[in-house]
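Hello,

Here is the structure we talked about. Please open it first, then read the notes below.

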Amino acid sequence: MLSGFGWIWLFGASAWAKPAEVAVVGAHLPDQTDAQAQALAAELEQALIDLNNLDPIQPGQVRGRLSGREALVVEGVFLSPGRAALEEGRVLYQRADFDNATSVLELAVDALLDGLAGAGDSKDLIDALLLLGLSRAALGEEDAARDAFRQVVILEPQRQLDRINYPPKMVNLFSSVREEMLTLERGTLTLITVEGARIWLDGRSQPREGRSLKIPDMLPGRHYVLVQDEGGRRFFEAIDLTAEGQTLKIDASERLIAPSTADRNEQAMQIEQLYQSLGEYAETEMILIAGQTGPETVAVQLYEPRTGTFSRIAEERIRETGPAAALKIATLNLDTYVEDGTLRVEFVSLGAPPLDINANPLLSSMLLDPEPIVEKVVKRRTPWYFWAGVGVVAAGGATSAALLLAPEPDPTGTVIVNLPD
(Lines give C-alpha, C1' and ligand atoms only; values in the text may rest on other atoms or scores of the structure.)
Protein backbone atom coordinates (compact mmCIF):
# COMPACT_ATOMS: atom_id res chain seq x y z
CA MET A 1 0.00 0.00 0.00
CA LEU A 2 1.36 3.40 -0.98
CA SER A 3 2.07 6.00 1.66
CA GLY A 4 0.52 9.46 1.57
CA PHE A 5 3.67 10.83 -0.09
CA GLY A 6 3.48 8.06 -2.68
CA TRP A 7 -0.01 9.15 -3.63
CA ILE A 8 1.20 12.73 -3.95
CA TRP A 9 3.97 11.56 -6.28
CA LEU A 10 1.58 9.50 -8.43
CA PHE A 11 -1.10 12.13 -8.72
CA GLY A 12 1.04 15.27 -8.37
CA ALA A 13 1.01 16.16 -12.07
CA SER A 14 -2.76 16.00 -12.41
CA ALA A 15 -3.54 17.42 -8.98
CA TRP A 16 -1.17 20.38 -8.96
CA ALA A 17 -0.60 21.26 -12.65
CA LYS A 18 -3.68 23.46 -12.88
CA PRO A 19 -4.58 24.73 -16.36
CA ALA A 20 -4.30 28.48 -16.88
CA GLU A 21 -7.61 30.32 -16.68
CA VAL A 22 -8.32 32.23 -19.90
CA ALA A 23 -11.11 34.80 -19.97
CA VAL A 24 -13.14 34.73 -23.20
CA VAL A 25 -14.61 38.17 -23.93
CA GLY A 26 -15.61 37.84 -27.60
CA ALA A 27 -13.79 38.92 -30.75
CA HIS A 28 -13.25 42.19 -32.63
CA LEU A 29 -14.93 41.57 -35.98
CA PRO A 30 -16.67 44.25 -38.07
CA ASP A 31 -20.47 44.34 -38.38
CA GLN A 32 -21.24 41.76 -35.69
CA THR A 33 -24.64 41.64 -34.06
CA ASP A 34 -24.90 40.92 -30.33
CA ALA A 35 -26.18 37.40 -31.09
CA GLN A 36 -23.30 36.68 -33.48
CA ALA A 37 -20.79 37.93 -30.93
CA GLN A 38 -22.19 35.63 -28.24
CA ALA A 39 -22.19 32.63 -30.61
CA LEU A 40 -18.58 33.28 -31.63
CA ALA A 41 -17.51 33.57 -27.99
CA ALA A 42 -19.03 30.14 -27.35
CA GLU A 43 -17.10 28.70 -30.30
CA LEU A 44 -13.83 30.21 -29.08
CA GLU A 45 -14.50 28.83 -25.60
CA GLN A 46 -14.97 25.34 -27.04
CA ALA A 47 -11.79 25.71 -29.09
CA LEU A 48 -9.86 26.42 -25.87
CA ILE A 49 -11.52 23.51 -24.06
CA ASP A 50 -10.15 21.20 -26.75
CA LEU A 51 -6.58 22.28 -25.90
CA ASN A 52 -4.46 20.72 -23.16
CA ASN A 53 -3.66 23.30 -20.51
CA LEU A 54 -6.09 26.20 -20.94
CA ASP A 55 -9.27 26.56 -18.89
CA PRO A 56 -11.67 29.03 -20.56
CA ILE A 57 -13.76 31.36 -18.42
CA GLN A 58 -17.12 32.20 -19.98
CA PRO A 59 -18.13 35.81 -20.67
CA GLY A 60 -20.85 35.51 -18.02
CA GLN A 61 -18.25 34.64 -15.42
CA VAL A 62 -16.05 37.54 -16.52
CA ARG A 63 -19.05 39.85 -16.11
CA GLY A 64 -19.44 38.60 -12.55
CA ARG A 65 -15.81 39.23 -11.72
CA LEU A 66 -15.91 42.74 -13.20
CA SER A 67 -19.18 43.65 -11.55
CA GLY A 68 -19.11 47.20 -10.23
CA ARG A 69 -15.71 47.96 -11.77
CA GLU A 70 -16.61 48.26 -15.46
CA ALA A 71 -16.29 52.06 -15.40
CA LEU A 72 -12.75 51.73 -14.03
CA VAL A 73 -11.77 49.57 -17.00
CA VAL A 74 -13.13 52.11 -19.49
CA GLU A 75 -11.57 54.98 -17.56
CA GLY A 76 -8.20 53.24 -17.78
CA VAL A 77 -8.51 52.99 -21.57
CA PHE A 78 -9.39 56.64 -22.02
CA LEU A 79 -7.09 58.20 -19.43
CA SER A 80 -3.99 55.99 -19.21
CA PRO A 81 -2.01 57.74 -22.02
CA GLY A 82 -2.71 61.17 -20.55
CA ARG A 83 -1.97 60.02 -17.02
CA ALA A 84 1.40 58.63 -18.09
CA ALA A 85 2.32 61.93 -19.74
CA LEU A 86 1.09 63.87 -16.70
CA GLU A 87 3.34 61.89 -14.36
CA GLU A 88 6.33 62.45 -16.64
CA GLY A 89 5.55 66.15 -16.82
CA ARG A 90 5.19 66.34 -13.05
CA VAL A 91 8.65 64.83 -12.56
CA LEU A 92 10.18 67.25 -15.06
CA TYR A 93 8.50 70.22 -13.37
CA GLN A 94 9.76 69.12 -9.94
CA ARG A 95 13.27 68.95 -11.43
CA ALA A 96 12.83 72.53 -12.70
CA ASP A 97 13.19 71.32 -16.31
CA PHE A 98 10.44 73.68 -17.42
CA ASP A 99 11.11 73.52 -21.19
CA ASN A 100 10.66 69.76 -21.36
CA ALA A 101 7.91 69.82 -18.75
CA THR A 102 5.91 72.21 -20.93
CA SER A 103 6.21 69.99 -24.01
CA VAL A 104 5.17 66.84 -22.13
CA LEU A 105 2.35 68.55 -20.25
CA GLU A 106 0.89 69.88 -23.51
CA LEU A 107 0.72 66.28 -24.72
CA ALA A 108 -0.88 65.28 -21.41
CA VAL A 109 -3.54 67.98 -21.73
CA ASP A 110 -4.41 66.95 -25.28
CA ALA A 111 -4.65 63.25 -24.30
CA LEU A 112 -6.71 63.95 -21.19
CA LEU A 113 -9.07 66.22 -23.14
CA ASP A 114 -9.61 63.33 -25.55
CA GLY A 115 -10.16 61.12 -22.52
CA LEU A 116 -13.17 63.17 -21.42
CA ALA A 117 -15.00 61.61 -24.38
CA GLY A 118 -15.39 58.43 -22.35
CA ALA A 119 -14.26 58.93 -18.77
CA GLY A 120 -16.24 60.93 -16.24
CA ASP A 121 -13.16 62.25 -14.44
CA SER A 122 -11.44 65.60 -15.02
CA LYS A 123 -9.11 65.60 -12.02
CA ASP A 124 -6.02 64.61 -14.02
CA LEU A 125 -6.84 67.13 -16.75
CA ILE A 126 -7.11 69.94 -14.22
CA ASP A 127 -3.80 68.90 -12.63
CA ALA A 128 -2.13 68.85 -16.06
CA LEU A 129 -3.48 72.31 -16.95
CA LEU A 130 -2.32 73.71 -13.62
CA LEU A 131 1.18 72.29 -14.02
CA LEU A 132 1.30 73.56 -17.59
CA GLY A 133 0.41 77.05 -16.39
CA LEU A 134 3.05 76.89 -13.65
CA SER A 135 5.69 75.73 -16.14
CA ARG A 136 4.78 78.50 -18.58
CA ALA A 137 4.95 81.07 -15.82
CA ALA A 138 8.35 79.76 -14.70
CA LEU A 139 9.59 80.32 -18.27
CA GLY A 140 8.30 83.90 -18.17
CA GLU A 141 5.45 83.14 -20.61
CA GLU A 142 2.75 84.88 -18.59
CA ASP A 143 0.09 85.10 -21.32
CA ALA A 144 0.33 81.36 -22.02
CA ALA A 145 0.27 80.66 -18.28
CA ARG A 146 -2.91 82.73 -17.92
CA ASP A 147 -4.57 80.75 -20.73
CA ALA A 148 -3.90 77.48 -18.91
CA PHE A 149 -5.08 78.92 -15.58
CA ARG A 150 -8.32 80.16 -17.22
CA GLN A 151 -9.10 76.61 -18.33
CA VAL A 152 -8.50 75.39 -14.77
CA VAL A 153 -10.96 77.94 -13.38
CA ILE A 154 -13.60 77.13 -16.01
CA LEU A 155 -13.44 73.43 -15.11
CA GLU A 156 -13.10 73.99 -11.34
CA PRO A 157 -14.09 77.49 -10.20
CA GLN A 158 -13.43 76.58 -6.54
CA ARG A 159 -9.77 75.75 -7.17
CA GLN A 160 -7.24 77.93 -5.31
CA LEU A 161 -3.51 77.70 -4.67
CA ASP A 162 -2.12 77.76 -1.14
CA ARG A 163 1.06 79.62 -0.19
CA ILE A 164 2.54 76.59 1.55
CA ASN A 165 2.90 74.45 -1.57
CA TYR A 166 3.26 77.16 -4.23
CA PRO A 167 5.54 80.20 -4.55
CA PRO A 168 3.84 83.54 -3.76
CA LYS A 169 4.39 84.78 -7.34
CA MET A 170 2.50 81.77 -8.75
CA VAL A 171 -0.29 82.08 -6.18
CA ASN A 172 -0.74 85.75 -7.04
CA LEU A 173 -0.83 85.07 -10.78
CA PHE A 174 -3.36 82.28 -10.47
CA SER A 175 -5.50 84.28 -8.03
CA SER A 176 -5.61 87.26 -10.39
CA VAL A 177 -6.80 85.03 -13.25
CA ARG A 178 -9.43 83.42 -11.03
CA GLU A 179 -10.76 86.75 -9.77
CA GLU A 180 -10.96 88.02 -13.33
CA MET A 181 -12.90 84.92 -14.45
CA LEU A 182 -15.32 85.03 -11.53
CA THR A 183 -16.42 88.57 -12.49
CA LEU A 184 -17.63 87.40 -15.93
CA GLU A 185 -21.33 87.18 -16.70
CA ARG A 186 -22.57 83.59 -16.26
CA GLY A 187 -24.62 81.40 -18.59
CA THR A 188 -27.10 78.52 -18.25
CA LEU A 189 -26.63 75.15 -19.94
CA THR A 190 -29.73 73.02 -20.55
CA LEU A 191 -29.33 69.37 -21.55
CA ILE A 192 -32.21 67.26 -22.86
CA THR A 193 -31.83 63.51 -23.25
CA VAL A 194 -33.62 60.21 -22.67
CA GLU A 195 -34.90 59.00 -19.30
CA GLY A 196 -32.36 57.08 -17.25
CA ALA A 197 -29.27 58.39 -19.03
CA ARG A 198 -26.25 59.44 -16.98
CA ILE A 199 -24.69 62.85 -17.61
CA TRP A 200 -21.17 64.04 -16.85
CA LEU A 201 -20.33 67.74 -17.20
CA ASP A 202 -16.65 68.65 -17.18
CA GLY A 203 -15.85 65.23 -15.76
CA ARG A 204 -18.38 65.33 -12.90
CA SER A 205 -21.57 63.27 -12.67
CA GLN A 206 -24.75 65.37 -12.66
CA PRO A 207 -27.80 64.21 -10.65
CA ARG A 208 -31.12 64.83 -12.34
CA GLU A 209 -34.74 63.77 -12.65
CA GLY A 210 -36.68 63.47 -15.90
CA ARG A 211 -35.38 64.15 -19.38
CA SER A 212 -33.86 67.60 -18.90
CA LEU A 213 -31.09 69.07 -16.78
CA LYS A 214 -30.64 72.83 -16.30
CA ILE A 215 -27.29 74.03 -14.93
CA PRO A 216 -27.29 77.75 -14.14
CA ASP A 217 -24.48 80.12 -13.18
CA MET A 218 -21.80 78.52 -15.38
CA LEU A 219 -18.64 80.35 -16.36
CA PRO A 220 -18.37 81.10 -20.07
CA GLY A 221 -15.84 79.05 -21.98
CA ARG A 222 -15.35 75.48 -23.18
CA HIS A 223 -17.24 72.76 -21.31
CA TYR A 224 -17.47 69.02 -21.94
CA VAL A 225 -20.65 66.92 -21.94
CA LEU A 226 -20.67 63.12 -21.81
CA VAL A 227 -23.95 61.17 -21.84
CA GLN A 228 -24.46 57.42 -21.51
CA ASP A 229 -27.91 55.85 -21.77
CA GLU A 230 -29.10 52.67 -20.07
CA GLY A 231 -28.00 50.53 -23.04
CA GLY A 232 -24.41 51.78 -22.87
CA ARG A 233 -24.69 54.08 -25.91
CA ARG A 234 -22.72 57.29 -25.64
CA PHE A 235 -22.62 60.89 -26.78
CA PHE A 236 -19.85 63.45 -26.27
CA GLU A 237 -19.54 67.09 -27.22
CA ALA A 238 -17.38 70.08 -26.35
CA ILE A 239 -19.47 73.25 -25.93
CA ASP A 240 -18.30 76.87 -26.07
CA LEU A 241 -20.76 78.37 -23.61
CA THR A 242 -21.54 82.10 -23.65
CA ALA A 243 -23.41 84.28 -21.20
CA GLU A 244 -26.55 83.84 -23.35
CA GLY A 245 -26.57 80.15 -22.42
CA GLN A 246 -27.25 77.11 -24.60
CA THR A 247 -29.68 74.22 -24.94
CA LEU A 248 -28.41 70.86 -26.21
CA LYS A 249 -30.62 67.95 -27.26
CA ILE A 250 -28.68 64.71 -26.96
CA ASP A 251 -29.16 61.42 -28.80
CA ALA A 252 -26.67 58.78 -27.61
CA SER A 253 -26.32 56.40 -30.55
CA GLU A 254 -23.16 54.26 -30.27
CA ARG A 255 -21.40 52.11 -27.71
CA LEU A 256 -17.85 53.46 -27.78
CA ILE A 257 -15.15 52.04 -25.55
CA ALA A 258 -12.83 54.64 -27.13
CA PRO A 259 -12.89 56.76 -30.30
CA SER A 260 -12.32 54.51 -33.31
CA THR A 261 -9.27 55.05 -35.51
CA ALA A 262 -8.11 53.68 -38.87
CA ASP A 263 -4.41 54.05 -38.02
CA ARG A 264 -3.03 50.56 -37.36
CA ASN A 265 -0.47 51.71 -34.80
CA GLU A 266 -3.15 53.59 -32.87
CA GLN A 267 -5.46 50.57 -33.08
CA ALA A 268 -2.78 48.32 -31.59
CA MET A 269 -2.13 50.87 -28.83
CA GLN A 270 -5.84 51.08 -28.00
CA ILE A 271 -6.17 47.30 -27.81
CA GLU A 272 -3.09 47.11 -25.60
CA GLN A 273 -4.53 49.72 -23.24
CA LEU A 274 -7.95 48.05 -23.24
CA TYR A 275 -6.70 44.60 -22.26
CA GLN A 276 -4.19 45.95 -19.75
CA SER A 277 -7.03 47.84 -18.07
CA LEU A 278 -9.35 44.84 -18.33
CA GLY A 279 -6.69 42.57 -16.86
CA GLU A 280 -6.35 44.80 -13.82
CA TYR A 281 -9.93 44.00 -12.74
CA ALA A 282 -10.95 40.71 -14.45
CA GLU A 283 -9.28 38.50 -11.82
CA THR A 284 -8.10 35.87 -14.28
CA GLU A 285 -4.71 34.45 -15.22
CA MET A 286 -5.02 35.23 -18.93
CA ILE A 287 -7.34 36.91 -21.41
CA LEU A 288 -7.95 35.84 -24.99
CA ILE A 289 -7.56 38.65 -27.54
CA ALA A 290 -9.13 37.79 -30.90
CA GLY A 291 -10.21 39.69 -34.00
CA GLN A 292 -9.75 40.74 -37.59
CA THR A 293 -6.48 42.52 -38.31
CA GLY A 294 -7.05 43.23 -42.02
CA PRO A 295 -9.25 42.39 -45.03
CA GLU A 296 -7.76 38.89 -45.28
CA THR A 297 -6.36 38.08 -41.82
CA VAL A 298 -7.43 37.39 -38.26
CA ALA A 299 -5.28 37.03 -35.15
CA VAL A 300 -5.44 35.63 -31.63
CA GLN A 301 -3.21 36.34 -28.66
CA LEU A 302 -3.01 35.76 -24.90
CA TYR A 303 -2.52 38.55 -22.38
CA GLU A 304 -1.22 37.72 -18.90
CA PRO A 305 -2.26 40.40 -16.37
CA ARG A 306 0.01 39.14 -13.58
CA THR A 307 3.15 39.88 -15.59
CA GLY A 308 1.65 42.48 -17.94
CA THR A 309 2.90 40.57 -20.98
CA PHE A 310 1.39 39.65 -24.34
CA SER A 311 2.00 36.39 -26.12
CA ARG A 312 3.11 35.92 -29.68
CA ILE A 313 0.35 36.84 -32.16
CA ALA A 314 -1.07 33.85 -34.04
CA GLU A 315 -2.43 34.92 -37.45
CA GLU A 316 -4.61 33.04 -39.90
CA ARG A 317 -5.89 33.85 -43.38
CA ILE A 318 -9.63 34.30 -43.87
CA ARG A 319 -10.94 31.69 -46.30
CA GLU A 320 -14.35 30.92 -47.78
CA THR A 321 -15.63 29.78 -44.39
CA GLY A 322 -15.23 33.30 -42.99
CA PRO A 323 -13.35 35.07 -40.18
CA ALA A 324 -15.00 33.15 -37.32
CA ALA A 325 -13.72 29.81 -38.66
CA ALA A 326 -10.27 31.34 -39.21
CA LEU A 327 -10.17 32.53 -35.59
CA LYS A 328 -10.85 29.00 -34.33
CA ILE A 329 -8.00 27.67 -36.47
CA ALA A 330 -5.70 30.39 -35.11
CA THR A 331 -6.28 29.16 -31.54
CA LEU A 332 -5.01 25.62 -32.27
CA ASN A 333 -1.49 26.15 -30.89
CA LEU A 334 -2.22 28.59 -28.06
CA ASP A 335 -1.66 25.90 -25.44
CA THR A 336 1.97 25.61 -26.53
CA TYR A 337 2.47 29.23 -25.40
CA VAL A 338 1.73 28.28 -21.78
CA GLU A 339 3.60 26.16 -19.25
CA ASP A 340 2.77 25.74 -15.56
CA GLY A 341 0.02 28.33 -15.83
CA THR A 342 2.16 31.14 -17.22
CA LEU A 343 3.40 32.35 -20.61
CA ARG A 344 6.61 30.72 -21.78
CA VAL A 345 9.39 33.27 -22.24
CA GLU A 346 10.05 32.27 -25.85
CA PHE A 347 6.42 33.05 -26.75
CA VAL A 348 6.29 36.56 -25.23
CA SER A 349 6.05 39.52 -27.63
CA LEU A 350 5.60 43.28 -27.51
CA GLY A 351 2.15 44.79 -27.78
CA ALA A 352 -1.19 43.78 -29.23
CA PRO A 353 -2.56 43.32 -32.76
CA PRO A 354 -4.29 46.20 -34.61
CA LEU A 355 -8.02 45.62 -33.99
CA ASP A 356 -11.04 47.92 -33.96
CA ILE A 357 -11.62 48.53 -30.25
CA ASN A 358 -15.37 49.06 -30.75
CA ALA A 359 -15.98 46.03 -33.01
CA ASN A 360 -16.54 43.59 -30.13
CA PRO A 361 -20.23 43.95 -29.15
CA LEU A 362 -19.93 41.42 -26.35
CA LEU A 363 -17.06 43.25 -24.63
CA SER A 364 -18.63 46.66 -25.29
CA SER A 365 -21.87 45.49 -23.67
CA MET A 366 -19.93 43.99 -20.76
CA LEU A 367 -18.21 47.31 -20.03
CA LEU A 368 -20.85 49.87 -21.02
CA ASP A 369 -24.09 48.03 -20.24
CA PRO A 370 -23.26 46.02 -17.10
CA GLU A 371 -25.78 43.78 -15.39
CA PRO A 372 -26.89 44.52 -11.81
CA ILE A 373 -24.70 43.05 -9.09
CA VAL A 374 -26.18 39.83 -7.66
CA GLU A 375 -24.52 38.07 -4.78
CA LYS A 376 -25.16 34.42 -4.04
CA VAL A 377 -23.59 32.23 -1.37
CA VAL A 378 -23.61 28.47 -1.81
CA LYS A 379 -22.64 26.05 0.97
CA ARG A 380 -20.24 23.43 -0.31
CA ARG A 381 -18.16 20.61 1.10
CA THR A 382 -14.70 21.33 2.51
CA PRO A 383 -12.59 22.36 -0.53
CA TRP A 384 -10.48 19.76 -2.32
CA TYR A 385 -7.20 21.44 -1.43
CA PHE A 386 -7.87 20.73 2.26
CA TRP A 387 -7.89 17.01 1.54
CA ALA A 388 -4.93 17.23 -0.86
CA GLY A 389 -2.81 19.37 1.43
CA VAL A 390 -3.76 18.49 5.01
CA GLY A 391 -5.48 15.13 4.92
CA VAL A 392 -3.23 13.48 2.36
CA VAL A 393 -0.97 11.62 4.78
CA ALA A 394 -3.80 10.41 6.97
CA ALA A 395 -6.13 9.56 4.11
CA GLY A 396 -3.53 7.72 2.04
CA GLY A 397 -5.09 6.20 -1.05
CA ALA A 398 -8.41 7.93 -0.41
CA THR A 399 -6.73 11.17 -1.48
CA SER A 400 -6.90 10.17 -5.13
CA ALA A 401 -10.66 9.87 -4.91
CA ALA A 402 -10.94 13.28 -3.26
CA LEU A 403 -8.87 14.83 -6.04
CA LEU A 404 -10.78 13.15 -8.84
CA LEU A 405 -14.14 14.13 -7.35
CA ALA A 406 -13.22 17.78 -6.73
CA PRO A 407 -16.12 20.08 -7.77
CA GLU A 408 -15.91 21.92 -11.07
CA PRO A 409 -16.00 25.74 -11.13
CA ASP A 410 -19.55 27.10 -11.28
CA PRO A 411 -20.27 27.92 -14.99
CA THR A 412 -22.73 30.74 -14.30
CA GLY A 413 -20.22 33.22 -12.94
CA THR A 414 -21.71 32.97 -9.44
CA VAL A 415 -19.27 33.68 -6.63
CA ILE A 416 -18.89 30.45 -4.65
CA VAL A 417 -17.99 30.66 -0.99
CA ASN A 418 -16.64 27.39 0.43
CA LEU A 419 -17.91 26.73 3.93
CA PRO A 420 -16.65 23.74 5.96
CA ASP A 421 -19.30 21.29 7.16
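**Helix 2 and helix 10**

In helix 2, Leu40, Glu43 and Leu44 meet Ala324, Leu327 and Lys328 of helix 10 (contact means heavy atoms within 4.5 Å). By class, this contact has 4 nonpolar, no polar and 2 charged residues. Ala, Val, Leu, Ile, Met, Phe, Trp, Tyr, Cys and Pro count as nonpolar, Asp, Glu, Lys and Arg as charged, and the others, Gly among them, as polar.

This is a predicted model: local features need pLDDT of at least 70, side-chain atom pairs count only at pLDDT 80 or more, and totals for chains, interfaces and linings use all residues. Residues are numbered from 1 along each chain as its sequence is written, and side-chain values use heavy atoms, with hydrogens and water left out.

Helix 2 covers residues 34-49 and helix 10 covers residues 323-330. Helices (H or I, at least four residues) and strands (E, at least two) are DSSP runs, numbered from the N terminus. The two helices pack at an angle of about 25°, with their axes 9 Å apart. Axes are lines fitted to C-alpha atoms, for helices over the stretch in contact, and angles run from 0 to 180 degrees between N-to-C directions. Helix 2 and helix 10 are therefore roughly parallel to each other (angles under 35 degrees count as roughly parallel, over 145 as roughly antiparallel, 65 to 115 as roughly perpendicular and the rest as oblique).

**Helix 6 and helix 8**

Helix 6 (residues 123-138) packs on helix 8 (residues 168-182) at an angle of about 120°. Their axes are 11 Å apart. Helix 6 and helix 8 are therefore oblique to each other. Leu130, Leu134, Ala137 and Ala138 in helix 6 meet Met170, Leu173 and Phe174 in helix 8. By class, that contact has 7 nonpolar, no polar and no charged residues.

**Cavities**

How many cavities of 30 Å³ or more are there? The count is 2. On a 1 Å grid over the protein atoms alone, a cavity is a set of points where a 1.4 Å probe fits but cannot get out, and lining residues have an atom within 4 Å of a point. Grid points are joined across faces, edges and corners, and a volume is the space filled by probe spheres set on the points.

The second largest cavity holds about 40 Å³ of space. Its lining includes Leu116, Trp200, Asp202, Tyr224 and Phe236. Strand 7 (221-228) and strand 4 (198-201) each give two or more residues to this lining. Strand 7 gives the most, with 3 residues. By class, the lining has 8 nonpolar, 2 polar and 1 charged residues.

Best wishes

Key
1 Å grid on protein atoms, 1.4 Å probe; cavity = no way out; pocket = protein on both sides within 12 Å on 5 of 7 lines; lining within 4 Å.
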